[in-house]
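Open your viewer and get your selection tool ready. We will go from stop to stop, and at each one you will hear what to select and what is there.

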Amino acid sequence: MTQTPRNLNIRAELLPKLVTTLREGYGRADLRADAMAGLTVAIVALPLSMAIAIASGVGPERGLYTAIVGGALVSAFGGSRYQIGGPAGAFIVLVSACVMQLGIPGLITATFLSGFVLILAGLLRLGSYIRYIPYPVTLAFTAGIGVIILASQMKDLFGLSLAGAEPAELVEKVHALWAARESVSWPAFGVAMLVVGVILGLRRWRPHWPGMLVAVVLASVLVAALSLPVETIATRFGRLPNLLPAPALPGLDAGLIRAALPYALSFALLGAIESLLSAVVADGMSGGRHRSNAELVGQGVANIGSALFGGFCVTGTIARTATNVRAGSRGPVSGILHALFLLVFLAVAAPLAGYVPLAALAGVLVVVAWGMIERAEILALVRGSRADAAIIVTTFALVAFRDLTEGIVVGFAMAGLVFIKRMSDSTALEHGAPPPSARAPETQSDGRLVYRLHGPLFFGAAAQVGSVLDRIAERPEEMVFDFTDVPLIDSSGAHSFELLARKVAGRGGRVQIVGARPEVRRILFRQGLRPPLVGYHARLPSPAPGAGETA
């Protein structure tokens, strides 16, 4: 069967970048470069994966399962050449809430279901639309997540002992932490500050060193050598397993599916946003171009695979992806190798992870969370526009104090309204003759009203333009509208002109439309603006009777 261009385009949009990379030719030099990049990323991902898992309310081994299985599948099936998948800090709030309500089985089921949602979104080619989330919403959302992560790390950062379970809500969490301020463990706080200082110091003076891993190893050695009274992974979670668990289907009974589905949808939405944002960052650093729909399919496959091996939700991670690009990656093979290096660590060095202080991992996440709050960019937007400031403040407040999904939806809606207002303000209707290029010299007539339109005529501008049209329609003269500078029109804008044309025709007048583009003319025709009700011309018509009868 012959493939149509449309079918070929759809297949190309869903083709994994790994296939493209191998087809282009892949040699030993590429493999060596990807091996070094993969090792570099694995060194960064190792402490982060465990820290994010612990902050999410699950064992550190599940963070490694997620990074190993999910990371390999993201690179194998995704649409970005440099994307590195794994557990992400942005999911900490959602994952911890899911664990508190449904437990580990519910979390794994929600992750499993989110994979199918992401695959469906990719097959429906929704990735092209998710990319259009406005920049102020993205900034505010990321900042809100950063604040939540910072608050979630205060307990281990200060070594606090809470009277009960740590609350999930930010305000209640702060109250509980403040109430436990007398239980501060200064050794734990000192270890956390050491980790923060080492990471920031190496970033400044040795930027190519794996600062997070160096800091965590140094803190672990110090705590063990000095026998400091600081809680470690082993004291809280016991010994880590040194193998991946056997794959198993999660619980899929009807009750658990109903309870897990809202979390699955949230995981899918947040994962789609985070992964496509990370892919865009990688494109900007490398000059490449990702396939957004293939990326969603790859993320979906990765989430299903992660759930089968006891992991939780996977997404593209900006920091690890950027590290991959800087380390000289040639393609998705580096992401697969990064997962293999993590698997080797799990098999060989899992017992050593028990010595890692929880305060050290808290210090790592504090640095990560602080970096998520892009203060200079937020301040620039707030100073530049009141509308952007309102979007940022509202989105941030909703994300930090209410709900992540609610913050995205409301922020996106506000940004849409601001865009509509700005586009509406750019639409103008002025009285005067069209430019010389659009009229014939012999067509000047005193019995004619000529109006020139500027900008898009869509629903946002329809009411504004419609009120003007109602006023000028009171005069039953020949009315000419120059559409040369109208790039688009929707049904609302076309309806305003239909009402005008019928009103003018009822008074014995006539409406002529000049210079309408083919796509604009099609929408006008669809709305009922056809001859003889309206005349269409490429240039200003002659005032002679019947001159505008043809379209």
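Which elements each supply at least two residues of the lining of the largest pocket? Select α3, α7 (135-152), α10, α11 (211-226), α13 (254-286), α15 and α17 (358-372), for each of these gives at least two lining residues. Helices here are DSSP runs of H or I with at least four residues, and strands are runs of E with at least two, numbered from the N terminus.

A word on the ground rules: this is a predicted model, where local features need pLDDT of at least 70, side-chain atom pairs count only at pLDDT 80 or more, and totals for chains, interfaces and linings use all residues. Residues are numbered from 1 along each chain as its sequence is written, and side-chain values use heavy atoms, with hydrogens and water left out.

**Stop 1: the largest pocket**

Now select Arg 203, Ile 318, Ala 319, Arg 320 and Thr 323, the closest to the pocket's centre of the 41 residues that line it. The volume of this pocket is about 1,300 Å³. A pocket is an open set of points on a 1 Å grid over the protein atoms alone, where a 1.4 Å probe fits, with protein on both sides within 12 Å along at least five of seven lines; lining residues have an atom within 4 Å of a point. Points are joined across faces, edges and corners, and the volume is the space filled by probe spheres set on them. Colour the lining by class and you will find 26 nonpolar, nine polar and six charged residues. Here Ala, Val, Leu, Ile, Met, Phe, Trp, Tyr, Cys and Pro count as nonpolar, Asp, Glu, Lys and Arg as charged, and the others, Gly among them, as polar.

**Stop 2: the second largest pocket**

Next, pick Ile 54, Ala 55, Gly 57, Ser 96 and Glu 166, the closest to the centre among the 24 lining residues of the second largest pocket. Its volume is about 510 Å³. Helix α5 gives the most to this lining, with five residues. By class, the lining holds 13 nonpolar, six polar and five charged residues.

**Stop 3: salt bridges**

There are nine salt bridges to look for, each a side-chain nitrogen of Lys or Arg within 4 Å of a carboxyl oxygen of Asp or Glu. Show Asp 30 and Arg 330, whose side chains meet at 2.6 Å, N to O. Asp 30 lies in helix α3 and Arg 330 in the loop between α15 (318-326) and α16 (333-353), so the pair ties together parts 300 residues apart in sequence. Asp 30 is buried at 16% relative accessibility, while Arg 330 is partly exposed at 38%. Buried means under 20% relative accessible area, exposed over 50%, and partly exposed in between (1.4 Å probe, protein chains only).

Then move to Asp 156 and Arg 236, a salt bridge of 3.0 Å, N to O. Asp 156 sits in helix α8 (residues 154-158) and Arg 236 in helix α12 (residues 233-237), so this pair links parts 80 residues apart in sequence.

**Stop 4: a charge over a ring**

Finally, select Arg 206 and Trp 209. Arg 206 lies over the face of Trp 209, at 5.8 Å from the ring centre. The rule asks for NZ of Lys or CZ of Arg within 6 Å of the ring centre and within 35 degrees of the ring normal.
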